[in-house]
Amino acid sequence: MLEQAWNGDRGYCVPNRRSYPHLWLWDSCFHAIAWFAFGDERGLRELEAVFAGQLPDGFVPHMRYGRRTYARGPLESVSSFTQPPVYARALKAASDAGFAPSPRLLEAAGRALESLWRDRLRDGLLVIVHPWEAGTDDSPRWDSWVGSSTWNRRVWTSFDRALLAHTVFSPQGQAIDSPTFVVAPAAFNAIAADAASTFGELTGDAGWLARGSVLARTLDEAAWNAELEAWSDVAFTGGGDSVRVPTLDGLLPALCTPNATKASAALNQLSDVERFAAPYGPRFVARRHPTYNPSQYWRGPAWPQLNYLAVLAAKRRGDDELVADLAESTKRACVRAGFAEYWNPETGRGLGARPQTWAAVAAAF
Ligand code: GLC
């Protein structure tokens, strides 16, 4: 699948030729991790392609347009929004596979993280200004902003476009604020805290190690929800109850929390059939929640790239059984679903684009 999606001239895989003919930041990071699992140096090329879109101030766009499409912001060839900084994990995967990342790549990643800490920190947490930046585009966690707890294409498309129209952009063209949507998502912060620590370990830079642990502690203080045994998102502008919808990404701060009790309480739900565990799971939304819909985009289906992050969190806890379960159910699902973008966690039916290149990340579990 990676071979078929690889474009040597561009140096990256398009996620799916028809539905997704562009470069996406976190997709390419997961492709890189998959390449490294096969011992293939194209992972480094793919990461270089991610940073080829980097703005002079370090900001990394969530898309480089592969062909004409509607503009996500004022810039000509790249989006003005970002996505979770999975590149630090991809660089570690490179180094673990024996491909030393070049100084140029490391420097680009350092400047990218620096731009998040410089422009997106509020009360010690990193904020996003559009759901696209979380990567979980139509998650029920945004319902209070959308004003609806059911999914409807027209409503969501007009919400996305209205937000885009209201976004405040820096003179360089990157999104910096929004009058209606500013939120610190638990998962974005968890991935970023993990990125800072991972980057600090890779480069021996104590400053990044410290930033990673400060962010993880701040997230515990501001977002841990004892009743849910998960982390909520923290709304800064707009929002409401939906920040607490039990979603899989609300468990991901297990990746970075200094608190082992919290990490275990969160991760245990991945093995609980009444919560997230399903035959082809984990589910993205907990089973009994009213928004749970096993076949609707971001409202319940399982996602391979999130399963990979859950595996990293389970490894960090030393929970070998959970790692094995997640690996087994994800691989089984990938095969059954035809390496789909996402799938029904109850039946394994493939949904969205097929094949979708990030499913290859299952090879790295
Ligand atoms: C969708 C997903 C996003 C992903 C993109 C390309 O927009 O929500 O996370 O990066 O597709 O696969």
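This is a predicted model: local features need pLDDT of at least 70, side-chain atom pairs count only at pLDDT 80 or more; totals for chains, interfaces and linings use all residues.

Modeller: Glu229 has a relative accessibility of 37%; because buried means under 20% and exposed means over 50%, this residue counts as partly exposed. Glu229 belongs to the loop that runs between strand E10 (224-225) and strand E11 (230-231). Its backbone deserves attention: phi of Glu229 is near 55°, a positive value in a residue that is not glycine. Most residues other than glycine have a negative phi, and most peptide bonds are trans.

Trp298, however, counts as buried, because its relative accessibility is 1%. The residue is situated in the loop between H10 and H11.

That loop has a further feature. Pro282 is placed in the loop between helix H10 (260-268) and helix H11 (304-317), and the peptide bond joining Gly281 and Pro282 is cis, with omega about 5°. Another cis peptide bond joins Arg354 and Pro355, where omega is about -10°. Pro355 is found in the segment after strand E14 (350-351).

Gly204 follows H8 and has a positive phi near 70°. Just after H12 comes Gly338, with a positive phi of about 70°.

Both helices can be checked by a simple calculation. Helix H8 (residues 186-203) has 18 residues, so at 1.5 Å a residue it should span 26 Å; its end C-alpha atoms are 26 Å apart, in agreement with this expectation.

H8 is mostly covered, since 14 of its 18 residues are buried. In H12, the buried residues include Leu322, Val323, Leu326 and Ala327, as well as Ser329, Thr330, Ala333 and Cys334. The buried residues of H12 pack against H10, H11 and strand E13 (342-343).

His31 counts as buried because its relative accessibility is 1%. Leaving aside residues up to four places away in sequence, His31 touches Cys13, Pro15, Glu46, Thr357 and Trp358.

The whole protein provides the setting for these details. It has 12 helices and 14 strands, and 62% of its 365 residues count as buried. For 365 residues, a compact globule would have a radius of gyration near 21 Å, so the value of 19 Å for the protein agrees with that description. Along the principal axes, the C-alpha atoms fill a box of roughly 45 × 45 × 45 Å. Among contacts with a separation of 6 or more, 66% are made by residues 24 or more positions apart.

Two properties of the protein remain to be mentioned. The accessible surface comes to about 13,700 Å², and carbon and sulfur atoms hold 48% of it. There are 37 positive and 39 negative charges, and their mean positions are 5 Å apart.

Technical notes. Residues are numbered from 1 along each chain as its sequence is written. Side-chain values use heavy atoms; hydrogens and water are left out. Buried means under 20% relative accessible area, exposed over 50%, partly exposed in between (1.4 Å probe, protein chains only). Contact means heavy atoms within 4.5 Å. Helices (H or I, at least four residues) and strands (E, at least two) are DSSP runs, numbered from the N terminus. The radius of gyration is taken over C-alpha atoms; the globule rule is 2.2 Å times the number of residues to the power 0.38. Accessible areas come from the Shrake-Rupley method with a 1.4 Å probe; for residues, only the protein chains shown count as cover. Lys and Arg count as positive and Asp and Glu as negative; His and the chain ends are not counted. The place of a charge is taken as NZ of Lys, CZ of Arg, CG of Asp or CD of Glu. The expected span of a helix is 1.5 Å times one less than its number of residues.
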